[in-house]
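Have the view open and go through the points in order.

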Amino acid sequence: MPLPQKKIGLLFGMEDTFPWALIRAIDARGEGDIVGAQVELSYLRDTQRFDYALIVDRISHEVPFYRTFLKAAAARGVQIVNNPFWWAADDKYFGNIVAESVGVATPRTVLLPHKERPPNTEANSYRNLRFVDWNEIFAYLGFPVFMKPAYGGGWKDVYKCDGPEEFFAAYDRSRDLTMMAQEAIDFTEYYRCYTIGRERVHLMRYDPKASHYDRYVQNAPPIEPAMDERLRRDALALSQALGYDMNTVELAVRDGIPYAIDFTNPAPDADLKSVGEANFRWVVDNMADVLIDRVRRPRPFELTGAWPHSLNLTNLFERAT
Ligand SMILES: Nc1ncnc2c1ncn2[C@@H]1O[C@H](COP(=O)(O)OP(=O)(O)O)[C@@H](O)[C@H]1O
Ligand SMILES: [Mg+2]
């Protein structure tokens, strides 16, 4: 009698190359007992059970209904890549604190109070808040500064500011977003690295100043071995600390030091048209291998990655008593 098949479900939105290629790759490598499939769902009952061993989430950051669906599926024992509980909680500013705890350099960064009041708040909602000393911030960061949302992605609401005037103009445009401002890294090289399964890394030379479809530099020169090793170490350390099985880590190199710029990307761009054929092949094949391995050797349920350990929080109770 054939073994019962285990399903790896894909939950995705507008993207049209990566999900289908990943389903085909899973089918090709799954030896018949593990197959890839598009997730199908409708309304959810509180008693719902789910027919997937694992679900790959590419879209729940944009569809809150899906996020709740994934948490329910996790509660019923489905493995979810990436962890919906942690994904819902992380942000770029917190990420910098995690980065420091695993020895990865980041640009000097500050978090700013909202420019405009979020809905349902009024002046009295901010009684805890004191005025910001802007000159202190400018002295700490220096110019130019990058301002961007802590809960952000997709290059939306990202501003480069050369002086206070541009800084305040950007801040004025930030509505009620939670913005952070950071030192601009004047880099000689910029890398975007896929990390898969918290153990595999693929380095891609990236040119953020090029037009959208030319940013992934094709036929880039080889990376010097010590730098290659450092980039891999940093990218993996971040993804392990954050507990992401699929992630991209952006590193800007200044004076031989890679600075982590953008490394909380649990649904990273994996479109054939933007990353190019070779990078696409790598991410599809390695994702398929890692997911199949996860189905064969499930990971214990976790709420987050390794950061409670790297920040030395796990023994807080012992220390306090
Ligand atoms: N501190 C910084 N130094 C230099 N460049 C930066 C910095 N922060 C952001 N950038 C540039 O802005 C781009 C978008 O910012 P990023 O943090 O990657 O936001 P998103 O998550 O929206 O992609 C980066 O790819 C990089 O080119
Ligand atoms: Mg980015």
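Predicted model: local features only at pLDDT ≥ 70, side-chain atom pairs only at ≥ 80, totals over all residues.

1. Which residues are closest to ligand 1? They are P107, F146, I185, P208 and D262, out of 17 residues that surround the ligand. By type, the shell around ligand 1 splits into nine nonpolar residues, four polar and four charged.

2. If you'd rather find the ligand shell by strands, look for strand 6 (145–149), strand 11 (246–254) and strand 12 (257–262). Each of them supplies at least two residues of the shell around ligand 1.

3. Now the overall layout. The protein is divided into domain 1, covering 6–88, and domain 2, covering 108–183. Between the C-alpha centres of domain 1 and domain 2 there are 35 Å.

4. Next, have a look at an open sheet with four strands, in the order 2-1-3-4 and with parallel pairing. Strand 2 (34–38) and strand 4 (79–81) are its edge strands, each pairing on one side only. From one strand to the next, the twist averages 20 degrees.

5. Helix 1 (residues 18–29) packs on that sheet, where it touches strand 1 (6–11) and strand 2. The direction of helix 1 makes about 160 degrees with that of strand 2.

6. What joins strand 3 to strand 4? Three bridges do, with strand 3 spanning residues 54–57 and the two strands running parallel.

Methods. Residues numbered from 1 in each chain as written. Chains lettered and ligands numbered in written order. Domains from an automatic or database assignment. Near = placed C-beta within 6 Å. Nonpolar A, V, L, I, M, F, W, Y, C, P; charged D, E, K, R; others polar. Pairing = 2+ DSSP bridges. Axes fitted to C-alpha atoms, helices over the stretch in contact; angles between N-to-C directions. Contact = placed C-beta atoms within 7 Å.
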